[in-house]
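Please find below my notes on the model, as requested.

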Amino acid sequence: MYTRSDSPAMTHDKKTRAHVPELLQQLGQPSAAGVDAVARHTGVPAADVFGVESFYSLLDQRDLKTRVCTGLSCRLAGAEDLLKACDKARLETAPTSCIAACDRPPAMLRERRVVCEVTTGDVLESQGSFEKLYSAAGSDWRGSIWPATADEGESLLNLAAAPNWSAAGYAKALEIGPEAVIQALEEAGLQGRGGAGFPAHIKWSAVRGEAEPVKYIVLNGDEAEPGTFKDREIMLRRPDLVLDGLAIAAHAVGAGEVWLYLRGEFEIPREIMERAVAAAEEEERYGDLAFHFHSGHGAYICGEETALLESLEGRRGMPRHKPPFPTAQGLWGKPTLIHNVETIALVPTILLRGAEFFRQAGKTQPGTKLYCLSGHVARPGVYEMPLGVSLDELVEAAGGYIGELKAFSPGGASSGFLPASERARPLDFQALAEVDSMLGSAGVVVLNEGVNMAWAAAEQLEFFERESCGQCAPCRIGTAYQRASLERFREDGDAQALEHVDNIAWEMIEGSICGLGQTASLPLTSALRHFPEDFVANSSGGAPQ
Amino acid sequence: MSAPDQILVDDQTLKFCPGETILDATRRAGCSLPTLCHDPRLEPVGACRSCLVEVKGQRRLMPACKTPASPGMQIETRNERVLRHQRVLLSLYLSDHVGDPSECEDGAPCELHALAKDLGNLPVLVPLQRKHKPRADRNPFIEFRSERCIACARCVRYCDEVEGVNAITLTGRGLHTTISTASGISLYDSTCELCGGCVDVCPTGAMAEKMPLSAGAAPERELEKVRTTCNYCGVGCQMDLNVDRAAAAGRGQVVKVTSPPAGTAPSDGNLCVKGRFAYDFIDHPDRLSTPLLRGADGNLHPASWEAALERTAAGLQEVAKKHGADALAFVSSARCTMEENYLVQKLSRAVFGTNNVHQCAAT
């Protein structure tokens, strides 16, 4: 496929390495010859190429099995029955981590194509053919949103409205200038929507203040926190807001290039974003600003900003140490502004409707928030509501609970579990941190009284073990150890099996390099704390009824 | 106001030089901080987490190997938090490692077990008991024993940053992270030069030598190390012959070659395939240990040095007399010292009068 003659190896610069994962993807199934070909083509040592290939689950698939999502929401919706049905239909399957379709569970994946709301009936009818399943389901991956109709009043992102290509936000940014843009973000109190809730303007000012002339904007569209699917919906419905936001950011911090990093399973969102970029470039809407795309290849950790940068550079997605922060040394060592899709999409609205309007839109903290609601609720989907609504308020908009509320996860697997008694607590960055949880990416998963929390925690621990990058021992061994401890408890009912859980959780918080290891024990420790009755010796810990 | 070149480590004031990390400064002062992934020849990565210390004003524990010392920094390396961290961390490592130190240290000493022993009072965790497939590689020198690997990547980084060879990589993810060549091929088929640096830098004996002499030898800590200069070429790398005094019926035997620690010799602990692995000639039965002279019967017979030198001189002089000095040529070995090579060209040019002299490392 690649020959020595077209090899850029002799002239290869660091950017050539960025193509390694993409070239491996094009070659299809992993092979030694493929690794060598990519090595020759890029000038990257073959061992390094192999190291990259073996890191990413979408590149390392040595079979063409269909994957069944075993995220918590998909499990609650019967992913296990689906696995059994696949067996019956002779459709070879393997489990996979959450694929951002929690609102339409259970979901399946083959290579990079996702099928939602698969029933055991669909599987049996497919007679072992994924193609049949895929064509029956269609490629429309949009889920339910709220407000469901266009609403210029309260809604800031207004997902139900048609894209607006006027680039009014960008025009406004050009008009008021970079300093005023950053000031508007500060006045608005915009906090990053990726999970940490860090004030956006501080990052913008830091990048703008760097003397280095080459700067980058990176869009973090590696939405992989179990229970989260809002960025998917933004890109499917409002690519205009994303592009506008990116162009404003580039203008404000002085960057000439934008990189959009989307998770590998987001082929459809990527197509939509690519079409939007092509149209913008055609009409030179954003001057000579250059947009580049980079797909992820199946690694949850790449949602962590420094792991994402490593991945974008074509390496194994292992997080970097901070400091230095990406604002000072990011992509290829240059000052880089990285933001979650939702954060970026909010920027044009802040400029157009004013900082005060944005502040007022929140309940306990500024702005609206896209809450991803799944699990035991009547209408799972993406809900744009004032930041700081309670679970009850959120679920009311979603048509109520299914069954009696027992527990919920307010911000994806990393936020652990909270008991029903916290149902009135504001779902915001601060109030949830007060109870050792977090808003994170606002992937709200609701569990009813039928769920055993030892079972629910086990799902999350398996996820973190599978997705640990392996760089540092507290996380690499700790995630496996916690999972094994809980497994022993669930098999033998012996509470002794859990005796080291707290000590190891403490070490994972203190010793892990990045947030994955620091939060990976939380599903178990929070379940132990709030639901001790599910961890009594010899309790069964079986699947929910 | 603290001095611009001082840090406070556990109430002790230490000086540091610009660019030094906390680890550099403490090591120079003779304080010991535990490390596993560190090697002074490599860029610090802070991956093993064993050198984490508490720095005043920082919420998180900081890796001493990667954190630059800055004026007035206040550091605690032995408080309750740091010690608890070290204990639980090491117990986690040991839950996924060969548990019995004597079994683990059949060859090189294991730095992990040494740290655990120094620290003491570790929580005893249930071993993870992972299954490891032995990996066969037809190269005769290096084997990888994955059950001992702690994924510190010293070997990978050494191969990249010092040797520039990039034969191996971290592979897989999570608990399955391990070391491999490209697509798992033999080191013979990779870019590997078999320098054995990976064996030298490995803290736990996961990268091990598989030469028959060393594989059958006593644990390394029971061997006597004799520092010498490698005589395979003129670079002059320092090396430690590991001698088993009891072997070979009490005559002693070199059963392994190791590098002096990095930073202690001009060659900085680096060796090549010859220096590190080609030592079995020492006691080899085919090795010449006395001059041999061909007798009238056509066979070679042991002789004294005097007899051998006399015969050689007579032969050379006869050729020069009969055919002229240029009928002679002198070729010396790269394994001779520079002084010896100098004398050979003196012999050639001044004694016999020919410029036909060469040495195999001259080109």
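1. The model is a predicted one. In chain A, helix α12 (residues 230-237) and helix α16 (residues 341-353) have axes that come within 9 Å and cross at roughly 45°. α12(A) is therefore oblique to α16(A).

2. On the α12(A) side this contact is made by Lys230(A), Asp231(A), Ile234(A) and Met235(A), and on the α16(A) side by Val341(A), Glu342(A) and Ala345(A). Sorted by class, the contact of α12(A) with α16(A) has four nonpolar and three charged residues, and no polar ones.

3. In chain B, the axes of helix α2 (residues 80-95) and helix α4 (residues 111-119) lie 10 Å apart, at an angle of about 140°. Because angles count as roughly antiparallel when over 145 degrees, α2(B) is classed as oblique to α4(B). The crossing of α2(B) and α4(B) is left-handed.

4. From α2(B), Leu83(B), Gln86(B), Arg87(B), Leu90(B), Tyr93(B) and Leu94(B) meet Leu112(B), His113(B), Leu115(B), Ala116(B) and Leu119(B) of α4(B). The contact of α2(B) with α4(B) has eight nonpolar, two polar and one charged residues.

5. Chain B also has an open sheet of three strands, ordered β10-β11-β12, with antiparallel pairing. Its edge strands are β10 (224-229) and β12 (253-258) of chain B, each pairing on one side only. From one strand to the next the twist averages 35°.

6. Strand β11 (residues 238-244) of chain B runs antiparallel to β12(B) and is joined to β12(B) by five bridges. Opposite Asp240(B) stands Thr258(B) in β12(B).

Key. Residues numbered from 1 in each chain as written. Chains lettered and ligands numbered in written order. Predicted model: local features only at pLDDT ≥ 70, side-chain atom pairs only at ≥ 80, totals over all residues. Heavy atoms only, no water. Axes fitted to C-alpha atoms, helices over the stretch in contact; angles between N-to-C directions. Helix = DSSP H or I, 4+ residues; strand = E, 2+ residues; numbered from the N terminus. Parallel < 35°, antiparallel > 145°, perpendicular 65-115°, else oblique. Contact = heavy atoms within 4.5 Å. Nonpolar A, V, L, I, M, F, W, Y, C, P; charged D, E, K, R; others polar. Left-handed = near helix turned anticlockwise from the far one by under 90°. Pairing = 2+ DSSP bridges.
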